[in-house]
Structure formats: C-alpha cells, structure tokens
Amino acid sequence: MTDALAPVPPAKRWWLPPGPAVQRAFFGGWTIAVFAFLYIPILLLVVYSFNDSKLNLHWAGFTTKWYGLLLGNEVLLRAFKNSLIVAGASTVLAVFIGTTAAWLLYRYRFPAQQTLGLLIFIPMVMPEVLMGVSLLVLFVNLGIPLGYTTLIIAHTTFCFPFVLVGVQARLQGLDPSLEEAAQDLGATPFKAFWLVIVPYLMPAIVAGALMSFTLSFDEYIVTIFTSGSESQTLPLKVYGMVRVGLNPQLNALSTLFIAATAVLVIASQFFTRKKTT
Amino acid sequence: MAITAATAALATSGPSPQRRAGPGPWFALTPMLGWLLLFVIVPTLMLIVVSFSERDALGRVVYSFNFENYIRAFDWKWLKILGISVWYAFLTTVICLILGYPVAYFIGRSSERVRGLLIMLVMIPFWTSFLIRTYAWISILAQEGLLNALLMTLNITSAPIGFMYTPFAVVLGLVYNFLPFMILPIYTSVEKLDGSLIEAAYDLGARPARVFGQIVLPLTKPGIAAGILLVFVPAIAMFAITTLMGGGANPTIGEVIQNQFTKARNQPFGAALGVLLLAIFLFSLWLSTKFRRGEED
C-alpha cells in the first residue's frame with residue numbers, strides 16, 4: 001500500500017530492473033514455461049470434456065452430452081447440494097468470526113497477542129490430515145454424530161483465518177480518525193464498528209467470503225474424516241470418480257469446477273483491489 | 001487476495017492505534033477464542049491423549065497410558081514410510097522453489113497492470129480443487145491417457161508406457177499442486193522489494209549474479225521461508241494426490257494415518273503417527289518463525 005506513495009524513479013523499466021536483455025528474456029521465458037505447465041493440463045481437461053468419444057486422444061467431434069449426463073446424475077446433484085449447504089454455512093460463520101476478530105485485534109491490545117496471532121495462523125498451515133483426524137477424535141468423544149454440523153464446524157475452522165487475515169490487511173490502510181469521528185458524534189463502539197468500519201471493510205469481507213466458499217467447496221481431506229454418510233459433499237464423489245479412471249463426464253464436471261473457481265477468484269480479486277479513497 | 005495477505009502477515013505486524021482491551025472487546029472476541037480453543041487446541045490435545053491409549057476388539061479407543069503406539073511407530077517399516085514422505089516433500093519443495101522463484105520475481109517486478117493479471121493466473125489453479133488438477137494429470141499420464149496415445153500415434157512407442165504409479169508421478173502431482181503456494185509468498189516479498197536498490201547496484205557496476213546474491217535473495221528470504229513452510233509440511237502430510245498418482249502400493253505417512261483412522265480402525269496408532277507429524281509441523285513452524293524474527297532484527 002505504501003509503495004504507491006513512494007516517488008516513481010524516472011525512466012523506470014516497466015517490468016524488470018535495468019539489466020542485460022538476456023536476463024529479461026530468461027525470466028519472461030521461464031514464466032511462460034511455468035504457466036504452460038500450470039495451464040496445459042487444465043486446458044486439455046476442458047477441451048476433452050467436449051469430445052464426442054470415450055477414447056481420449058481421438059477427437060470425434062464437439063458435443064455437450066457429458067454435461068447433459070451430469071445434470072441427470074442424482075448422486076452428484078445431491079452431493080452438489082450438500083456442498084452448497086456446507087460451504088454457505090461455513091462462509092457465514094467464518095465471515096462473522098473472522099471480521100469481528102480482525103477488528104478487535106487491530107483496535108485493542110490483548111495479552112499474548114503474538115501467541116494469539118500464531119494460533120490463528122495454525123489452521124491455515126496445519127496439515128489437513130491432522131485437522132481432520134483431531135476433529136474426528138473430538139466429535140467421537142463428544143458424541144456428536146458425523147454430519148452437516150461436524151462438517152460445518154470443521155470447514156469454518158480452516159476458513160475463518162483467511163477472512164481474518166484479508167480483513168486485517170485492509171485495516172492497515174484505515175484512517176483512525178474515521179472511527180474517532182464516529183465516536184465523537186456519539187456512536188457506541190459497536191455502532192461505530194457496524195456503521196463506519198464494516199462498510200469500509202466490505203471489499204475485504206466479500207473477498208474473504210468468496211475465498212471461504214471456494215476453500216470449503218473444494219475441501220476433500222478434512223471432509224473425509226468429518227462427514228457422515230448423508231452429508232457427502234461433491235469432492236468426495238469426485239475422488240471416487242477419479243479413482244475409477246478416465247471418464248468424460250468427470251472432464252465435464254471438472255470444467256464446471258474450474259469455471260466456477262475462475263469466476264470466484266476474479267470476483268474476489270476485483271473486490272480486494274477495489275479502492276475506497 | 002487473502003493468501004498473499006496471509007503470507008505477508010507472516011513477515012510483518014505493523015503497529016495500530018491500540019487501546020487496552022476492556023470487558024467489551026474481550027466478550028466480542030470470545031467466538032474466535034472459543035472456536036480456536038474448542039476446535040483447534042482441544043482436538044489436538046485429544047489426539048495426543050489418544051496416541052497413548054489402546055483400542056478394543058471393535059476398534060474403539062480405550063483410554064490408558066502406554067507407549068505401545070510410539071514403540072510400534074518407531075519400527076523400521078513406518079520410519080521408512082515417513083522417510084519417503086519427507087523425501088518426496090523435499091523434492092517437491094526444491095522443484096517448486098526452482099520453478100517458482102523466477103516466476104514470482106518476474107511477476108513482482110512487472111508493471112501494476114500486468115502484475116494483477118499474472119497473479120490472478122497463479123491464483124486460479126491455486127483455488128481449483130486439487131482432485132481436479134490431479135485428474136488432469138491422470139488423463140495425460142494414464143495407460144490410455146493422452147501422452148501414451150500421442151506417443152503411440154507418432155510410433156515412438158508400440159506399447160503404453162507406465163508413467164503412473166511411479167515416484168515420478170507422485171512428485172509431479174505434488175509439484176503441480178503446491179507450485180502456487182511457493183510463487184505467492186515469494187511474489188509478496190518481491191513486490192515489496194525497493195527497485196531503486198537494484199538500480200543503484202547496477203549503476204555501481206554490480207553484475208547480475210551479485211545483485212541477485214547480495215540484494216534480491218536476502219530481501220526475499222521471508223517469502224522463501226514462507227513458501228517452504230507452505231509447501232514442505234503440507235506435502236509431507238498430503239495423501240490423496242499420492243494415492244491417486246502413486247497407486248497406494250508405496251503409501252506416504254498421510255495415507256497410513258488415513259488408513260489407521262478409516263479402514264484399519266486403529267485410532268491410537270494413527271494418532272501416534274499423527275503426533276509425529278504434528279511434531280514435524282510445529283518444529284517447521286517454529287523454525288520459520290524464528291527465521292523471520294531473525295530477519296526483522
């Protein structure tokens with residue numbers, strides 16, 4: 001954020017510091033190669049989802065029949081519904097917990113704040129299998145049957161820190177006088193937060209919500225351990241299909257996943273970048 | 001861009017206009033504190049407790065206190081699995097660093113418009129389900145996959161080559177999955193890098209290798225540390241990719257833990273292996289925190 005305030009050095013090269021042209025060519029070429037590595041498999045997946053043949057390489061013409069078959073697949077549709085329920089509920093909880101906590105930690109001094117910061121960070125980087133098995137142990141001991149509740153709890157646990165951190169980043173650019181002004185005008189801290197701070201934070205909140213939703217929707221590993229037989233989500237079904245082998249229906253499903261992810265990422269980037277001032 | 005913000009937060013914590021928290025803020029913070037306590041700390045402690053327990057004939061946990069599970073875990077068989085997992089994760093981390101660093105550098109030093117677009121291109125695979133990205137490679141590498149079909153059409157081979165279910169396939173799957181986790185934090189560091197330092201070095205006649213070694217590399221170390229943390233530990237524990245790409249014949253530690261909790265129904269032993277993994281995780285976290293603190297001083 002502060003970079004924008006720094007004076008722009010005259011005649012700055014737009015993409016690399018002054019250096020040999022070879023260096024620029026190298027970095028550019030390397031980046032293109034890595035992007036090719038990242039995208040070619042995905043593009044092939046998408047292209048072959050429209051192939052009118054079960055055999056992979058052979059192109060037998062354009063079709064959308066695999067997408068049609070997906071729509072008639074009751075099991076997948078039910079899993080899709082479960083995924084929406086879990087991702088939706090986890091996102092709401094994650095946004096609530098993450099936003100309030102980000103504000104409080106920014107605004108007030110708590111004892112052991114460093115430790116707390118580390119603790120918040122742990123669910124983001126903890127190996128998912130550990131989170132999965134430890135939550136499973138907890139739920140079994142508390143006698144909570146595995147199902148929607150346990151899934152939503154588990155997903156919220158790894159989602160809210162992402163919201164928190166995104167909101168915290170935006171708070172760094174907050175003008176402190178904004179809240180002071182609100183309080184001078186007689187607003188309670190809660191009212192000032194709700195009427196002044198939350199609107200300011202809205203782009204970060206929306207971006208965090210989109211990310212929570214995507215994270216939860218895609219989550220497989222934590223889900224294995226914390227879902228019941230009635231609350232199977234889409235990734236569990238996808239895993240089952242991947243295990244079986246190549247299947248154009250799965251290509252079609254993957255294409256939908258990729259398209260949805262791309263839309264969510266672009267939308268969340270849009271909100272993250274949105275400037276208020 | 002929560003993840004880049006997250007990785008940036010790894011390195012910095014700026015001062016803010018803070019007041020001492022009274023009962024109101026404490027009360028408002030309880031949802032998060034309670035959540036962390038109940039769903040992160042308590043489960044982890046319970047996992048440790050279970051790791052010292054036994055199971056009955058039905059696979060239920062019988063609480064007791066013994067070291068049986070750990071003695072069993074330190075058997076050569078399991079240590080070898082752990083060793084292979086760490087080795088795969090190490091290879092993955094090194095390859096991701098080599099592939100990712102120049103990309104992160106290139107993106108970080110490009111103009112703001114281009115930067116936004118490129119970083120979005122890194123984010124899309126990052127947020128796409130890893131199952132789907134793994135499937136993308138399976139459809140290329142499988143016996144009846146695209147690569148074999150291509151090779152056979154071109155008459156390079158007459159029979160399909162077994163790319164799948166090899167260590168190569170496992171590491172490829174891991175690299176493909178974790179590469180964005182390496183690029184993003186390094187990018188955050190590069191973005192913060194003051195370009196005039198580099199220009200000054202060049203003006204003073206430094207050669208590119210020296211500029212990189214003495215300016216760029218030291219200043220992007222926090223990003224590298226964060227990237228390693230985000231790739232290495234999760235790669236050790238990752239199991240679905242390794243099962244799909246490796247075929248399950250040579251399981252990784254994550255696969256074994258999953259099996260103990262599901263098929264084998266031996267939660268105490270799975271928990272003991274989990275605690276070992278937890279120790280590796282906490283050690284790495286401590287190391288990277290220490291490293292970053294050292295950088296700030």
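1. The crossing of H8(B) and H11(B) is right-handed, a crossing being left-handed if the near helix is turned anticlockwise from the far one by less than a right angle, and right-handed if clockwise. This is a predicted model, in which local features need pLDDT of at least 70 and side-chain atom pairs count only at pLDDT 80 or more, while totals for chains, interfaces and linings use all residues. Residues are numbered from 1 along each chain as its sequence is written, and chains are lettered from A and ligands numbered from 1 in the order in which they are written.

2. The two helices in question are H8 (residues 167–192) and H11 (residues 221–237) of chain B, whose axes come within 7 Å and cross at roughly 160°; axes here are lines fitted to C-alpha atoms, for helices over the stretch in contact, and angles run from 0 to 180 degrees between N-to-C directions. H8(B) is therefore roughly antiparallel to H11(B), given that angles under 35 degrees count as roughly parallel, over 145 as roughly antiparallel, 65 to 115 as roughly perpendicular and the rest as oblique.

3. On the H8(B) side the contact includes B:Phe178, B:Phe181 and B:Met182, and the residues they and their neighbours in the list meet in H11(B) include B:Leu230, B:Val231 and B:Pro234. Two residues are in contact if their C-beta atoms, placed from the backbone, lie within 7 Å. The residues of this contact divide into 14 nonpolar, four polar and no charged, where Ala, Val, Leu, Ile, Met, Phe, Trp, Tyr, Cys and Pro count as nonpolar, Asp, Glu, Lys and Arg as charged, and the others, Gly among them, as polar.

4. Chain A has 11 helices and one strand, both being DSSP runs numbered from the N terminus, with helices (H or I) of at least four residues and strands (E) of at least two. Read from the N terminus, its elements follow the order α-α-α-β-α-α-α-α-α-α-α-α, and its C-alpha atoms fill a box of roughly 70 × 65 × 30 Å along the principal axes.

5. Chain A is divided into domain 1 (2–65) and domain 2 (73–273), with bounds that come from an automatic or database domain assignment. The centres of these domains, taken over C-alpha atoms, are separated by 28 Å, and eight residues of domain 1 are in contact with seven residues of domain 2. On the domain 1 side, those residues comprise four nonpolar, three polar and one charged.

6. In chain A, the axes of H3 (residues 74–107) and H6 (residues 148–171) come within 6 Å and cross at roughly 40°, and H3(A) and H6(A) are therefore oblique to each other. Their crossing is right-handed, and the contact holds 20 nonpolar, seven polar and no charged residues.

7. Between the chains, the contact takes 84 residues from chain A and 92 residues from chain B. Helix H1 (residues 21–48) gives the most to the chain A side, with 12 residues, and that side divides into 60 nonpolar, 19 polar and five charged residues.

8. Strand E1 (residues 108–109) of chain A and strand E1 (residues 19–20) of chain B pair in the parallel sense over two bridges, pairing being assigned if DSSP finds at least two bridges between two strands. Within this pairing, A:Arg109 stands opposite B:Arg20.
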